[in-house]
Structure formats: C-alpha cells, structure tokens
Amino acid sequence: MDFKDFSLMLNETKVAAYADFLAQGKIMATRCKKCNREYYPPQSDCSQCLSKEMDWFECPAEGKLVAFTQVMVLPEHFALPKPSIPFSKAVLTPSPVGILEVKEGIRIMGWIPKVMADDLKVGDRMKASPHTLDDGRVTIIFKKLE
Amino acid sequence: MGRVAIVGVGVSKFGVRKGVSLRELAFEAFREAMEDAGIEKDEIQAVVTACASDEFAMALQPAAQVQDYLGLNPKPHFRAEAACASGSMAVRSAWMTIQSGLADIVLVNGVEKMTEVSTARATEIMGKGGDSTWEYAFGMSFPGYYAMLATNYLATYRESDRSDLAKVAVKNHYYGTLNPKAHMQKIVTEEQAMSGLMVAYPLRLHDCSLISDGAASIIMVSEKVAKKFDRPVWLTGLGAGSETHDIGRRKSLTSLESACVAAEQAYKMAGISPRDVDVAVVHDCFTIAELIAYEDLGFCGRGEAPMLIRNKETYLGGRIPVNVDGGLKSKGHPVGATGVAMTAEIVKQLRGECGKRQVKGAKTGLSHNVGGSGQFVAVHVYQV
C-alpha cells in the first residue's frame, strides 16, 4: 500500500495501463466492444454484458464540477507526522477534491490545487489534466476555465 | 409464511468505553437482551453477529470472540458485514434463518470498538469505505464522500443552505440528552453547529456522527414461538439495495438509489405507505444524510427536506419524528452495532418504553441503515 504522495495506487490490475497513459498526459477510460458501455474508472470487464473485449479511449478534458469537498481532517496516510520542534504545530492546508463530469456517464475525480473550497461552485467549468508530482508520480488536477 | 417478531432488546452504553473490550461490550448488550426477553441461553438456536471492520477489531474473527465469551458454543453462528449497515443485514439474515425453518430463536449481536485507534487512523479505515483504489488516492475521508453529496445537494436545491444541516445537528443533539445510553449528552446550538471545526467542506464538526464504542443485541423468534411472549414487535417489512462503489458513477448525488429501492420494498411488504410511519430512525452518519433520508423514504418530496427540518416536522409532536433517540449524531455510531441498536430503539418505541423521548401511541416504526455512502442499505418496518 503506497498512497502517500497523493498519486493513484495502481499495481495489481488488468487496467494498469491507465497509469502509463496518465504519465503520457492522457486520462483514459474503457468502452465495451460489444455493448458500447463506457467505464471510468476503467474496467477490463463489462459489468453490463459480461464481455472482456474492451477498448481504451481518451476522456474529454473539459467539463463541469458536479461536487467537491476539502478534506481538512485527513486519513493517517495523508496526515503530517508530528513536528519535531517542541511547542510547535504543523498546519496543513489540503487542496479541495472534486468530481468533474466531462461527458454523460464519465465523471473524473481530481485535486483542485491553489484554491480553497469557498472559491468553488458546483457547475464551474474546469479542465482535467494529469499532473506529475515532484517525486515523479502522476495524479489528476483540475483547473478553472475562464 | 409466518411472521417474525423481536422479543428482547439490549443496548450497551455508547461512548468512549476505555478499559472495556469488544467481547465485554457485546456481553453488556446481550445480558440486557436476555433479561428483556426472559429466555434461557440454551433456547437460542442460532446467532448472527455484526461487526464491520477487522481493522478496528484488530482481529480476523471478532464474531468468534463474541460467541465464545457469551457462552454460545456450539450454536451455529456467523458474522454479517455490510459496512455501517452490518447490523441491519444481521437482522435481515436472522429473519431469513427463521423464515427458512432452520431456527425459531435467533440472537443478533452488533458490536464495534472504534476508539482504540487514533482519529487519523479511524479516518483512514473509514476513508477506505469508498473505493480504496480510485478514490481514496485523492485523500478522501468518509466525511469527504458525504461532503460531496452535500455540495451537490445544496447547489441542486437552491433554497436549501448550510443552516438546514445545522438544524439536524441541533435536533439530534437535543434528543441525545434524553437518551441515557447516548455517547454525547450535550445540547448544541445552531450557531455552534455553523461554526465548528471544518472536517470536510462544507461539513463541520457537528455535522458528523461520533466515533464510538458500543454494542446492541436483539432476540428474534418465529410467530409460533412469539405467542409465548407478552409484547412481541413484528418485523413486517424488509427492503435492501445497493449502489455504485465509486461515488463518481452515481446518477444522482442528491439521493441514494439503494435507499429508494429498499424503502419501496419494505413499504410494499408491510403493506403501508410512508404516511403510516409513526416513528423512524434514519442513518444520520452526517447531517446531510438525514435530509436525504427524509426524501428517499418518502417523508417529503424531493428538495423538501429542508422545509421538514425548518418546520420541526421531525421533532416529537411533528408529522414524523425522526431520530428522537439522538441519532448516530449524538447517540454515537459504533458501526457494527448501529443497525441492531436502531432495531432495539424502534422496538422500545412500539412498546411505549421510551420515557421522555416516547412518540405517543406509536404503532408503526421504521429503521433506515446505510452502509458506506449507500453501497449497502437496509430498511425495516416494524409493527405492533
């Protein structure tokens, strides 16, 4: 288990290529060759018609924000360790997280950096893109479209 | 097919139960349920124990600990797990066990000991209540999922605002003070609820249920056996449903489809409509969840839940009293115990034993128990 740096955790899965695509700058989903049902997050099996014949396709990048939050009380994985300086307090301001609808049935989750939740509204137009973190891992971020 | 009745209930004190183990908590509720039913231990034919998390229990087989400590070997038993709906699924399993003819007298336990781990660790365990691969990676906590529902709800129904969430906290904290078993016995004002620590925007401290230790037990029996008891409460309607694991895949973020289908089944089976419900306990793990429950259960129309709480229709004396035991909000939410405790509360209401929080003359009750952010839902209807 290695979630620490806010990147996606994708090791043992048939859709591990998702992470490679992400590194190439593409957010990919899968579509069933038989019944055309689309899946995001991607699946290697079709829950609708039980087929295993799937195609990858690139998700549209732009969409509208359908929901968001800013998780201030963090899970242990994401929380800061206690500061080593006595009498001090570490203050962490996490980024908001949102769900962006880029087309009907495709909703992407991502970080919304450099803003606070108060700056956001459901319905905001945003663009999703893969983002490489300092340690080389890749995640997804949204930016507001003006 | 005969009916199934509940003839004994017991609930431990909920709270931070320092110095009490999981199995000891279970025993507190079990002893009370046995005394309430007035049966001998040997009469129990089968057991279902709800416990949601190995990680809280720090044991692979918490049900076996409970079974052994309660002295129930070699009776058949198993553990029911459906996240925060584990307790209601255990009740449902006991109903099936009785209706199949396998047993006439079944004990249902629900137990969780959550406070032995740190808040950050508990937040992590609960955070994986969402999709641990695709969503948890974005730092999602359990409040985070309901916060997403809240931002969508408040944007969809524009006349609603955050003060409607605060009003749910105010109500449930008030009723918690009337429940001696509740974790918190403290009034919260709307101002306090509006300004508490931000947990996951827009949900603040008082929008969130409590991390608690607690247990509940009930005795369920077949109609044949129920005749020997003075005050059986009949479980007349059962409904259950499921919902996408990924919150991003939901068609609606203002409703839980799983709760809607569960409610429809339960009403149909009991032959009642939402109007017939005299008292309800609903899954207010977060204040927004209680508002959504009003609508999913048909207590009001879509978008009307804020009006219901503003007009105090869910208070005692209102159109449909909801969570007058304090709800998960102030009673506490020891995950595996919650659904069983909900059943115990409704049984006491229908027997007229709730004292200051009694809904006068209640004949029909309902419990609504949600696992995860809707991945599991069970709705039960009870009648006397």
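Me: In which sense do E9(B) and strand E10 (residues 364-371) of chain B pair over 3 bridges?

Reply: This is a predicted model, in which local features need pLDDT of at least 70, side-chain atom pairs count only at pLDDT 80 or more, and totals for chains, interfaces and linings use all residues. Residues are numbered from 1 along each chain as its sequence is written, while chains are lettered from A and ligands numbered from 1 in the order in which they are written. Helices (H or I, at least four residues) and strands (E, at least two) are DSSP runs numbered from the N terminus, and two strands pair if DSSP finds at least two bridges between them. Ala280(B) stands opposite Leu366(B) in E10(B), and the sense in which E9(B) and E10(B) pair over 3 bridges is parallel.

Me: Which strands of chain B stand at the edges of the sheet?

Reply: In chain B, 9 strands form an open sheet of mixed pairing, in the order E3-E2-E4-E7-E1-E8-E11-E10-E9. A strand at the edge has a single partner strand, so one side of it is left without a neighbour in the sheet. The two strands so placed are E3 (77-80) and E9 (279-281) of chain B.

Me: At what angle does H3(B) run to E3(B)?

Reply: Axes are lines fitted to C-alpha atoms, for helices over the stretch in contact, and angles run from 0 to 180 degrees between N-to-C directions. H3(B) lies across strand E2 (46-50), E3 and strand E4 (105-113) of chain B. To E3(B), H3(B) runs at about 135°.

Me: How are H1(B) and H3(B) oriented to each other?

Reply: Helix H1 (residues 22-37) and helix H3 (residues 62-69) of chain B pack with their axes 9 Å apart, at an angle of about 55°. Angles under 35 degrees count as roughly parallel, over 145 as roughly antiparallel, 65 to 115 as roughly perpendicular and the rest as oblique. H1(B) and H3(B) are therefore oblique.

Me: Which residues of H3(B) meet H1(B)?

Reply: Two residues are in contact if their C-beta atoms, placed from the backbone, lie within 7 Å. H1(B) brings Leu22(B), Arg23(B), Ala26(B) and Phe27(B) to this contact. From H3(B) come Pro62(B), Gln65(B), Val66(B) and Tyr69(B).

Me: Which element supplies the largest share of the side of chain B that touches chain A?

Reply: In this interface, 28 residues of chain B are in contact with 30 residues of chain A. Helix H5 (119-127), helix H6 (142-156) and strand E5 (198-200) of chain B each supply at least two residues of that side of chain B. The largest share, 6 residues, comes from H6(B).

Me: Is Phe286(B) buried or exposed?

Reply: Phe286(B) is placed in the loop between E9 and helix H11 (287-296) of chain B, and among its contacts beyond four places in sequence are Pro143(B) and Tyr146(B). A residue is buried if 20 or more other C-beta atoms lie within 10 Å of its own, exposed if 12 or fewer, and partly exposed in between. With 28 other C-beta atoms within 10 Å, Phe286(B) is buried.

Me: Which residues of H11(B) meet H6(B)?

Reply: The axes of H6(B) and H11(B) come within 9 Å and cross at roughly 60°; the two helices are therefore oblique to each other. H6(B) contributes Tyr146(B), Leu149(B), Ala150(B) and Tyr153(B). Those of H11(B) are Ile288(B), Ala289(B) and Ile292(B).
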